[in-house]
There are 2 protein chains.
Amino acid sequence: MTKVVSEGIGTFSQHYPRVATIVTAQAKGKANAMAVAWHLVISVNPPLYGVSIAPKRFTHQLIVDSKEFGVNFLPFEMTELVASVGGSSGREMDKFQEFNIALDKPVKTAVPILKDAYAAYECKLVDDKLYGDHRLFVGEIVAVHWLEEAFTPEGTLDLDKVSPALFLGQERYLTTAKDTVR
Amino acid sequence: MTKVVSEGIGTFSQHYPRVATIVTAQAKGKANAMAVAWHLVISVNPPLYGVSIAPKRFTHQLIVDSKEFGVNFLPFEMTELVASVGGSSGREMDKFQEFNIALDKPVKTAVPILKDAYAAYECKLVDDKLYGDHRLFVGEIVAVHWLEEAFTPEGTLDLDKVSPALFLGQERYLTTAKDTVR
């Protein structure tokens, strides 16, 4: 076993895999969807969720303008959609039309909610800050959409019902094993 | 298929699974390790990593005092250690001694680096902000430790060599499937 130590960074994709999400936003009659693997829950009360997005992204502008964003969690079967959404720009196309994305109605915001998501958060922006080459958007989760059968009574994902899409880096996706330990 | 929509939050653990990490810190002769699933990479250049930690945690004080933290990525075989570290407080014990945790030498900070981690980041604090009931610590990754065999030449985790520990919520852990798609 060889441990490598790199002062400074070298490659640093050791933090993968991460759940692959599709972040959505709309403003001024334009809407977009992008693939985001850099996200986290920050606080329970109030419920706050953070997503890190580069300023050059079209979705970045939509969130700045509307102060809202959606976080959609997709099953592994939808990996091709996640990759397609991730590999194209909303400046050049309407991804919802192009990729035939079915939508549910949001209830507390105007963000697009993906019908094929096993869960989705509607978030209202409470803070944002530029860190290096990305901006961290922090939103309060004001509504949650989820597929009832996809979760156990304890509130964890039921892996017999849903296989979450995970991003491994380098355009690779995978899902989880089925067995859990306590 | 029943879609549930909850205005406000209800349960919101739909964002799991997440890679289970052990975050480490030391200050004033005290060191600690805690289980953290709420973390993300925020920026590539400079390389910034964020962890969300409740102020009541002992590790929180150590990071505030030392302005450094470590993020250790553990294999699924070490789940019991992650759970033990997560279920105890460093105010009451020396977890490194109690759980017999072997350490590697840090190179750019003084944070404990776990020998059994397949990868670890040494981070120097660049910003922190209280969001709701947690504080987001943002650190620049100043050194990376990793097990060479655990990664492919492209820099992704080699799942034939390492099974990452993922947290599902409700004290449940799992790992990934082996197959990836592109």
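## Strand pairing across the interface

A:Lys3 lies opposite B:Leu147, a residue of β11(B). In this predicted model, β1(A) and strand β11 of chain B (residues 134–147) run antiparallel and are joined by 5 bridges.

## Extent of the contact

Chain A contributes 81 residues to the contact, and chain B contributes 81 residues. About 7500 Å² is buried between chain A and chain B, with carbon and sulfur atoms giving 62% of that area. Within chain A, the residues that lose the most area to chain B are A:Lys3, A:Gln14 and A:Tyr131, which together account for 10% of what that side buries.

## Polar and charged interactions

The interface of chain A and chain B holds 6 salt bridges. A salt bridge links the side chains of A:Glu7 and B:Lys108, with an N to O distance of 3.6 Å.

## Composition of the chain A side

On the side of chain A that touches chain B, the elements giving two or more residues are β1 (3–7), β2 (18–19), β5 (39–43), β6 (48–53), β10 (119–131), β11 (134–147), β12 (166–169) and β13 (172–174). The largest share, 10 residues, is supplied by β11(A). Sorted by class, this side of chain A comprises 44 nonpolar, 21 polar and 16 charged residues.

Methods:
Residues are numbered from 1 along each chain as its sequence is written. Chains are lettered from A and ligands numbered from 1 in the order in which they are written. This is a predicted model: local features need pLDDT of at least 70, side-chain atom pairs count only at pLDDT 80 or more; totals for chains, interfaces and linings use all residues. Side-chain values use heavy atoms; hydrogens and water are left out. Contact means heavy atoms within 4.5 Å. Buried area is the accessible area (1.4 Å probe) that two parts lose on being put together, summed over both. A salt bridge is a side-chain nitrogen of Lys or Arg within 4 Å of a carboxyl oxygen of Asp or Glu. Helices (H or I, at least four residues) and strands (E, at least two) are DSSP runs, numbered from the N terminus. Ala, Val, Leu, Ile, Met, Phe, Trp, Tyr, Cys and Pro count as nonpolar, Asp, Glu, Lys and Arg as charged, and the others, Gly among them, as polar. Two strands pair if DSSP finds at least two bridges between them.
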